[in-house]
Amino acid sequence: MLQSIRPKKRVIFAYLIVPTILFVYAVFVPLITALANSFYEWKGGPNKTFNGIANYKQLLSDSTFWLSFRHNLFLVAVCVIGQIGIAFILVLMINSRLVKLKGIHRTFGFFPSTVAAVSIGFIWTMVYDYNRGIINWFLGKIGRADLQQVWLNNEKWVMLFVAIPLVWQWIGYYMVIILSAISAIDTEIFEVAELDGANAVQRAIYIVLPLIKNTLLVCMTLCIAGNMKAFDNIYVMTSGGPGTASMVMAMYGYNVSFRNSDLGYGSTISVGIFIMSLLVIGGSQWIIGMLSKEKEA
C-alpha cells in the first residue's frame, strides 16, 4: 500500500528541476563569470584586455586584501564565541524548569535575525552616535562624560564595535538550531544525571555537548561562512573606515569593482574570497575533527 502511493522518480525530478536550475544560476553562474573575468583587465563596458594571471599576482601582494582577510578572521572568532557560545548558554537557561513562558523567550530571541542587516546597521549606528547615541547618553548620566567618544572612529576597537551587532543579530538564529537538537535528547538522560548528583554545568559539558556536537559543527560552518562574506552592516556603519580599520574582503571587493570601476581585479577579489572561505571552513572542520579523534582516543 505504501509503495503504491510513493511518488515516482519522474514526479520528484519534476519538483526539483526548477529550484535546482535557479540555485545553479544564482550561485555557480556568477562564480564562473567572476572566474572568467578575473583573467582580464576590465574597467567596465565592452572592452576587455586579457592579462593572464596578472590580477592574481597583484592579489597576492595586495596588503589591503590581506588586512581585510585578517579582519574577517577576527569577525569569525568573535561571532563563533559570541553567537554560538551565548546561544548555547541561553538555550540551557530557557530549557531550565525554572523558566516560564519558554515560547515567548524563543520568539523574541529569534526576532533580530529576521531584520535586514542594513536595518541592524542603522540601528547600531544610532547606538554608537556621538550626539544622540545611548552609550554616550548613559555615560553622561552616570557622570563619566570623559569616556564619551566617536565610537566608530576608534581605529583600535572599531572591528569589535561592528562585530557586536552581528553577534546580537544572530544569537536567536543559532538558539533555534541548538534548541531543536537539545529537544531531541531523551529527558530521562538528564533525570538520571541529576539523580547521580550532576549539576547544571556538568550536564551541559558531559551530556549536552557530546550529544549535539554535530549540530554545533553545522552552526560553526554557517557562522564561519556568513562572517567570511560579511558586508551589509559594515557598509552601513563604517564603509570600511576609518581608513581601512574595518575593511573586510567583501567591502574591499565592492570598492574596487564599483567605486574604482576595476571589474577585472574586483572579480579576482571575489574568487579570492571564495577560496579563502573554503580554506577557513575546511581548516576549522579538520581541526575540530582531529580534536574529536584525540578526545575519543
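User: How many residues of the lining of the largest pocket are nonpolar, how many polar and how many charged?

Analyst: Rolling a probe the size of a water molecule over the atoms shows where empty space is left. Here that lining divides into 21 nonpolar, 12 polar and two charged residues, where Ala, Val, Leu, Ile, Met, Phe, Trp, Tyr, Cys and Pro count as nonpolar, Asp, Glu, Lys and Arg as charged, and the others, Gly among them, as polar. A pocket is an open set of points on a 1 Å grid over the protein atoms alone, where a 1.4 Å probe fits and protein stands on both sides within 12 Å along at least five of seven lines, and lining residues have an atom within 4 Å of a point. This is a predicted model, in which local features need pLDDT of at least 70 and side-chain atom pairs count only at pLDDT 80 or more, while totals for chains, interfaces and linings use all residues. Residues are numbered from 1 along each chain as its sequence is written, and side-chain values use heavy atoms, with hydrogens and water left out.

User: Which residues lie nearest the centre of the largest pocket, and which helix gives the most to its lining?

Analyst: Of the 35 lining residues, G226, M228, K229, A230 and A250 lie nearest the centre. The space in this pocket is about 860 Å³, a volume filled by probe spheres set on grid points that are joined across faces, edges and corners. Helix α14 gives the most to the lining, with nine residues; the helices that each supply at least two are α2 (9-37), α8 (158-183), α11 (213-228), α12 (232-237), α13 (249-259) and α14 (263-296). Helices (H or I, at least four residues) and strands (E, at least two) are DSSP runs numbered from the N terminus, and the whole chain has 14 helices and two strands.

User: Why does S68 count as buried, and what does S68 touch?

Analyst: S68 counts as buried because its relative accessibility is 0%, with buried meaning under 20% relative accessible area, exposed over 50% and partly exposed in between (1.4 Å probe, protein chains only). S68 lies in helix α4 (residues 63-94), and a polar atom of its side chain is 2.8 Å from the backbone oxygen of T64. Leaving out residues up to four places away in sequence, S68 touches M247, V248, M249 and Y252, contact meaning heavy atoms within 4.5 Å.

User: Is G264 buried or exposed, and which residues is G264 in contact with?

Analyst: G264, in helix α14, is buried, since its relative accessible area is 0%. Apart from neighbours within four places in sequence, G264 is in contact with N37, S38, Y40, W42 and N55. Across the chain, residues 24 or more positions apart account for 67% of the contacts with a separation of 6 or more, and buried residues make up 35% of the 297 residues.

User: Which residues does a cis peptide bond join, and where does S239 lie?

Analyst: Most residues other than glycine have a negative phi, and most peptide bonds are trans. In this model a cis peptide bond joins G241 and P242, with omega about -5°, and P242 lies in the loop between α12 and α13. S239 lies in the loop between α12 and α13 as well, and its phi is positive, near 55°; with a relative accessible area of 28%, S239 is partly exposed. S261, in the loop between α13 and α14, has a positive phi of about 55° although it is not a glycine, and S261 counts as partly exposed because its relative accessibility is 35%.

User: With which side chain does the side chain of T238 make a polar contact?

Analyst: The partner is the side chain of S246, at 2.7 Å; a polar contact is a pair of N or O atoms within 3.5 Å, where within protein one must be able to donate a hydrogen and the other to accept it, and residues adjacent in sequence count only if both atoms are side-chain atoms. T238 is found in the loop between α12 and α13 and counts as buried because its relative accessibility is 15%. Beyond residues up to four places away in sequence, T238 touches L152, V158, V162 and S246.
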